[in-house]
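Trainee: Hey, I'm new to this one. Can you walk me through a few spots?
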Amino acid sequence: MSNPQWRGVLAAVALALPLVVAAAPVASATAKPEIKVSGGLTQPVFSYQDAIREHVRVQSPVDSDGDGKKDLVRVDIIRPKESGSALKVPVIMHESPYYDVPGVGYEIEHKKYDANGNVTKFPMYWDNYFVPRGYAFVSVDMIGTRLSDGCPTTYGASDVLGGKAVVDWLNGRAIAYDDKGDPVEAAWTTGRTGMIGHSYEGALGVGVAGTGVPGLATIVNISGYTSGYETSRNNGTVTWYKGGQEELAQRVDLDPDEKCAAVHQRLREGSDDATGNYNAYWDERNYRTGPISKARNVRASVFSVMGMQDRNVVGSQFSEWWAKLPRAVERKAWVTQYGHLDPFWARRDVWLTTLNKWFDHELMGVPNDIMRQPRADVQLGPGRWVTQADWPASTRTMTLRPQHDGSLGRKPSTGSGSYLDTAQTEIAMAGDPAAANPNRLAFQTPPLENATRLSGTPSVSLRLKLDKPTANLGVLLVDYGTDTRINYRERTATSAEGLKFLGGEDCVGQSTADDDGCYLRAGDNTATSGFHVVTRGILDAQNHKSLSRQEPLTPGKSYQITWKTLPLDYEFKAGHRLGLVLTGANDDFNLDVTGNGSGDDAEPGTGAKVTVDLAGTSISLPLVTGTSTE
């Protein structure tokens, strides 16, 4: 569920740039091999050019394609030439379903192989950067993709257990084979493993960590899923096109369709696109509390990155899982105003230093200051970051109530208002709150006397009547006031997810002729606008009591319905107005799989008339009370 359209554009841009090959320092052939640390960071003293490249196939515990044989998982390895009995090294592991289609990272990289079947080019920078510092890098083809056996199951059990088997092999608990079928041991590693990845790849790290597997010391989860249900559902509404679970599995698997036809049927039937309800299928894909993987079983430390304006992996994928992690789990978070992206593209120098310190501390035991730093880095605007003790920040709850005159205040009001559940874009719903619009109710506070920051998850409560058995209940929290903000909406040939390309490249590690370790430079993409949608929420009214079953409403009967919006971390500046918009189906909530920006994949409105009793309607906001450091 990455963005293949933007990936293609970036690949074309990348081909137009010159190749830059960095010189590689050579470790002495006679000196005893050792990791070098300076300033709390490992240093690049090993040769990337001379590194050992090999591959194995690890036996998993699953037979996902039903052929009567346990699936073998392809593992490509690069490690310092000096690694072995005299120097055992930890592992940075990247498991991905994307090595074939569409490719890995925003420059759509693919693996290249030599005549012996070993990888000469690994996608992304992790191998170029970390192998010279004394790490092994392990690249894993997810079950059912590239050179691994089996069938992908779109976040299902076999996706997770295949990655777990690799961690088990690295720690001597599973078996692997070479091309001749002979067993191979990972005698060169300490067994301490860190998984890293973006989107689906990040989800695999979360899933494996939730099994509690020994040897997985840390995960770096970049915009990764923690609940399969929320990849294509939100509170009973379908937010991804029907058949999406089956289509994603087919997309990343280049084998003939008939090989995995039975699996595809189970994905199609189990996902239950007809209702949008939560069921056993989605429970298997729940890495928070599910039967295969659960947050309470996580023993690895966690470095998590989340964009609050991510439409692909919504913010609750981070916040709900983060809150369920055991208190003893060491953790760090970056919370941004971007969309679905890797911070390598947004804050490169800081990211690389932070990631270097994190892996050094967690995998090598380097006594640096990473755990003494504030736990959370939070982006409040273009180029503006603060640090704080945790996420969310310390808050108190402020409750605002819509008034009959269109204002938003603290005291209960009287009267009512109504609107029709009609699918609209957020720009149409939020624009000009004073204008009449039959498809929404809009309210706003007076100008704020002081800057006001919210951090956490708001909740909205509506007292309402419908003239039909159900409606899509939507809410937007809006910042009304002209400002220059991260432009997460724009998608062009050179910008997306809140970033734009600046020209040129950075080379962030050692290079070879096949693998240059150089990547496009990017920076904040901003726009000046009169309003900004801060967060949103939606609910199928007939799921207001349970996500697992529908209970149609009785037309004309009054109901009190309360639910959470998506989380946020946002500062409203002094003089701005905070707005609340009540509406129906949200075209923007859906992932735009056609790429035309029209919202034509979204769930349509029901046409129901929603009558809201203002006296029983409110929004509760997490207002920051603590201090943070610029």
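This is a predicted model: local features need pLDDT of at least 70, side-chain atom pairs count only at pLDDT 80 or more; totals for chains, interfaces and linings use all residues.

Trainee: Which residue stands opposite Leu454?

Mentor: That's Tyr570, in strand 31.

Trainee: And how many residues of strand 23 are buried?

Mentor: Five of its five, so to speak: strand 23 (residues 452-456) is mostly covered.

Trainee: What holds paired strands together in general?

Mentor: Strands of a sheet pair through backbone hydrogen bonds, and the pairing can be parallel or antiparallel.

Trainee: New topic. What's the strand order in the open sheet of three strands?

Mentor: The order is 26-27-28, and the pairing is antiparallel.

Trainee: Which ones are the edge strands?

Mentor: Strand 26 (495-496) and strand 28 (518-524), since each of them pairs on one side only.

Trainee: How many bridges link strand 27 and strand 28?

Mentor: Six, with strand 27 covering residues 499-507 and running antiparallel to strand 28. Across that pair, Cys507 stands opposite Cys518 of strand 28.

Trainee: Is Thr154 buried or exposed, and what's the reason for saying that?

Mentor: Thr154 counts as buried because its relative accessible area is 1%, and the cut-off for buried is under 20%.

Trainee: What does Thr154 touch, leaving out residues up to four places away in sequence?

Mentor: Thr154 touches Asp159, Tyr200, Gln245, Leu248, Ala249, Leu267 and Arg285.

Definitions and conventions
Residues are numbered from 1 along each chain as its sequence is written. Side-chain values use heavy atoms; hydrogens and water are left out. Two strands pair if DSSP finds at least two bridges between them. Helices (H or I, at least four residues) and strands (E, at least two) are DSSP runs, numbered from the N terminus. Buried means under 20% relative accessible area, exposed over 50%, partly exposed in between (1.4 Å probe, protein chains only). Contact means heavy atoms within 4.5 Å.
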